[in-house]
Amino acid sequence: MKNLESKYCLGIESSADDFGIGLATFGGEILANKSDSYIPTEGGIHPREAARHHAEVADTVLQEALSKAGVKAKELTCIAFSQGPGLGPSLRTGATVARALASYLKIPLVGVNHSVAHIEIGKLQTGATDPVTLYASGGNTMVTAYESGRYRVFGETLDIALGNCLDVFGREAGLKTKKGLPIGAAIEQLAAKGEKLVPLPYVVKGMDLSLSGLVTAASAQLQNHSLEDVCFSLQEHAFSMVTEVTERALAHTEKKQVLLTGGVAANKRLQAMLAVISAEHDAQFSVVPLQYATDNGAMIAWTGTLAYRHGLTTPIDESIVKLRWRVDKVDVPWIQ
Ligand code: AMP
Ligand code: MG
């Protein structure tokens, strides 16, 4: 039996605009985390174009990841892939690469839930063990915590994701995604120069929240107020809503850790709001480092090792992607 540091899982992430490949040892060391992102020429993610991008870069990203890790394909123990949730064409491209590798190498395939993977890599990177997690990205916004064998959803968006809310507003305001400067980051910079709080819809329903009306209202306010003030107001409203839901989950579960992940985790204003509620509940607050907070292959590789060790492999004929695979439908037997 090899020791944990010389058993490797390769993980493929392709649920939306990013194509990533990571390598993790079974002991929890991340040996490589490479990716290439599809940047739309205009508008939001076009699923077929994203899938075409992923197919084009897969070979290069794979070679880069293996060479960074210093691991040969034949040394791999298993191949993990993001099986859902996400965009069909994107997910299918990653799944096809994963199936081909697993069949060729004659090693098991491990289908990983994308949202579970975000939480697990976040815990690994920050040392959090049992957090309330706010996962806020371009496609997801949910507050989860572990309870009785699964990550349970304590609150989530009823319509669009927080990152998508920022991106759609940003495009209305004429901002464009640039390499190294996502729209959310551009809004953060503009918001830092805003001063006036423009009233906008604040919609928290029970434990859930709705963001689409906020985008419409903020876009309309661009006629009446400066871009900086509207960016500032949009952030204040949207971030207060997700922070309120996170605080309620914290009060209910009485957990002592708060974890922030997803691409929106990069935002300093959101971090500051969550730091305040965490302190008020004597909870330790951690932000997942950016390369592990946005979509990445390492999170799939690491979660693949956890699943594999509990016998959770995926036969090829059950490896169909699951576009709406909810986090609370997934058993996580590695948590005791
Ligand atoms: P992901 O879906 O995890 O790949 O993250 C992408 C999302 O994060 C996009 O919606 C971005 O606009 C958003 N994002 C990236 N950086 C920031 C930031 N500094 N503030 C707010 N949102 C951000
Ligand atoms: Mg992304």
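1. Asp-18 is buried, with a relative accessible area of 12% (buried is under 20%, exposed over 50%, partly exposed in between, with a 1.4 Å probe and protein chains only). The model is predicted, so local features need pLDDT of at least 70 and side-chain atom pairs pLDDT 80 or more, while totals for chains, interfaces and linings use all residues. Residues are numbered from 1 along each chain as its sequence is written, chains are lettered from A and ligands numbered from 1 in the order in which they are written, and side-chain values use heavy atoms, without hydrogens and water.

2. Ligand 1 is surrounded by 17 residues (a residue is near if one of its heavy atoms lies within 4 Å). The closest are Gly-138, Asp-167, Gly-184, Glu-188 and Gly-263. Two of these names return in the polar contacts (pairs of N or O atoms within 3.5 Å; within protein, one must be able to donate a hydrogen and the other to accept it, and residues adjacent in sequence count only if both atoms are side-chain atoms). Asp-167 uses its side chain: one of its N or O atoms is 2.6 Å from an oxygen atom of ligand 1. Gly-184 uses its backbone, with a polar atom 2.9 Å from an oxygen atom of ligand 1. Gly-163 also brings a backbone N or O atom, at 3.2 Å from an oxygen atom of the ligand.

3. How many cavities of 30 Å³ or more does a search of the whole structure find? The search finds 1, and the largest cavity holds about 30 Å³ of space. On a 1 Å grid over the protein atoms alone, a cavity is a set of points where a 1.4 Å probe fits but cannot get out, a pocket is an open set with protein on both sides within 12 Å along at least five of seven lines, and lining residues have an atom within 4 Å of a point. Points are joined across faces, edges and corners, and a volume is the space filled by probe spheres set on them.

4. The lining of the largest cavity includes Leu-134, Thr-141, Met-142, Val-143, Glu-156 and Leu-209. Strand E7 (141-147), strand E8 (150-156) and helix H7 (227-253) each supply at least two lining residues (helices, H or I, of at least four residues and strands, E, of at least two are DSSP runs, numbered from the N terminus). E7 gives the largest share, 3 residues. By class, the lining has 6 nonpolar, 3 polar and 1 charged residues (Ala, Val, Leu, Ile, Met, Phe, Trp, Tyr, Cys and Pro are nonpolar, Asp, Glu, Lys and Arg charged, the others, Gly among them, polar).

5. The second largest pocket holds about 330 Å³ of space. It is lined by 18 residues, of which Gly-111, Leu-312, Thr-314, Trp-325 and Val-330 are the closest to its centre. Strand E5 (109-113) and helix H10 (297-309) are the elements that give two or more residues to this lining. The largest share, 3 residues, comes from E5. The lining divides into 8 nonpolar, 6 polar and 4 charged residues.

6. Thr-253 is found in helix H7, and its relative accessibility of 17% means that it counts as buried. A polar atom of the Thr-253 side chain lies 2.8 Å from the backbone oxygen of Ala-249. Glu-254 is found in the loop between H7 and strand E11 (257-261). Is Glu-254 buried or exposed? At 61% relative accessibility, Glu-254 counts as exposed. Glu-254 is not a glycine, yet it has a positive phi of about 55°.

7. Asp-282 also has a positive phi of about 55° without being a glycine. Its place is in the loop between helix H8 (268-280) and strand E12 (284-287), and Asp-282 is exposed, with a relative accessible area of 64%.

8. Where is Pro-85 placed? Pro-85 is in the loop between strand E4 (76-84) and helix H2 (88-105).

9. Gln-291 is found in helix H9 (residues 290-293) and, at 46% relative accessibility, counts as partly exposed. Gln-291 and Pro-89 are 202 residues apart in sequence, and their C-alpha atoms are 24 Å apart in space.
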